[in-house]
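Here are some notes for a colleague who is opening this structure for the first time. Please keep the view at hand while reading the points below.

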Amino acid sequence: MRALGRKKAGLVLGAAACVAALGVLTGCDLQEDADLERGEQLFTQKCGSCHVLTAAGTNANIGPNLDYAFQEARAAGMDQDTVEGVVQQQIDNPRPAAPEDTDVYMPPDLVEGEDAEAVAAYVASVAGVPGIEAPRFVAAEFFATNCGGCHALEAAGTTGAIGPSLDEVLPGQSAAQISRSIVDPEAQISPGFPQGVMPNNYEQVLTPPQLRQLVQYLQQSAGGGGGGGAGAAGGGDG
Ligand code: HEC
Ligand code: HEC
């Protein structure tokens, strides 16, 4: 039983599901209404640590590059709905990696239900699309989405308390220190906080320039301006 056989089976299944839906709906486009923005967010969180996808700005190489994976298929005429079916199939039922790579596999059930639909619809809308560009990286948005659930930072309006308040701990730290805390959270554990909670894959999720932008943003905004007067949100304490 080869992985390739499974791949073919997945493809056919995905297409068959579309055809079945056709009877009732105007097409297999139901999921095109799925929230693409949410799909992108979920992709960045759940998939970006393993896959390159230009449109999402992810650049990890543990799994296949999804732009390459679908470029040829698209060029050969595979339409967006079929790509969507293939992605959904892979999420629901990840193919085992090649037998010789037992340490490399895609975990099942990373996202489920509507979330899986949103991710599949999003990937299908961008993967391997000619001329697709990487998103403009906005450090404040990245922080709010990816870090703010665990860290308070007034400038970003986040109040997470699983990790230290960055307004409290970052002022006075160098860019190198902050950068290291982000890519290698285990290197030095903040006193009083749990080890192994902060994700340790940001070096894969972020490109080096993105990481620099994020660190710069944190340096400038933590503690309400970090002493550099970097134009943090003005005043406003009750
Ligand atoms: C832990 C790493 C990891 C994560 C996280 C991950 N994948 Fe994968 N993915 C892989 C690997 C490894 C393969 C190759 C499996 C194989 O060898 O058949 C793969 C294969 C795929 C494929 C098939 C590509 C092709 O060449 O046909 C798709 C599509 C895919 N992943 C989408 C996703 C999506 C969507 C997510 C998030 C919900 C995700 N992956 C999360 C590791 C990962
Ligand atoms: C799931 C929760 C979680 C997420 C998500 C998370 N962190 Fe953390 N972070 C922690 C915890 C817990 C600690 C303290 C333990 C440690 O040092 O590893 C920490 C520590 C840190 C530190 C070191 C603080 C100090 O004491 O100097 C920095 C800087 C940091 N995180 C930045 C970030 C950034 C930036 C992101 C997003 C890219 C992020 N964290 C995402 C939980 C999280």
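This is a predicted model: local features need pLDDT of at least 70, side-chain atom pairs count only at pLDDT 80 or more; totals for chains, interfaces and linings use all residues.

1. Residues are numbered from 1 along each chain as its sequence is written, chains are lettered from A and ligands numbered from 1 in the order in which they are written, and side-chain values use heavy atoms, with hydrogens and water left out.

2. Turning to ligand 1, its iron atom is coordinated by His51 through NE2 and by Met106 through SD, at 2.0 to 2.1 Å (donors are N, O and S atoms within 2.8 Å of the metal, or 3.2 Å for Na, K and Ca; water is not among the atoms, so sites may look incomplete). Histidine 51 lies in the loop between helix H2 (36-47) and strand E1 (52-53), and methionine 106 in the loop between helix H4 (80-92) and helix H5 (113-126), so the pair ties together parts that are 55 residues apart in sequence (helices, H or I, are DSSP runs of at least four residues and strands, E, of at least two, numbered from the N terminus).

3. Histidine 51 is buried, its relative accessible area being 9% (buried means under 20%, exposed over 50%, and partly exposed in between, with a 1.4 Å probe and protein chains only).

4. Back at ligand 2, helix H6 (139-146), helix H8 (175-183) and helix H10 (208-221) each supply at least two residues of its shell.
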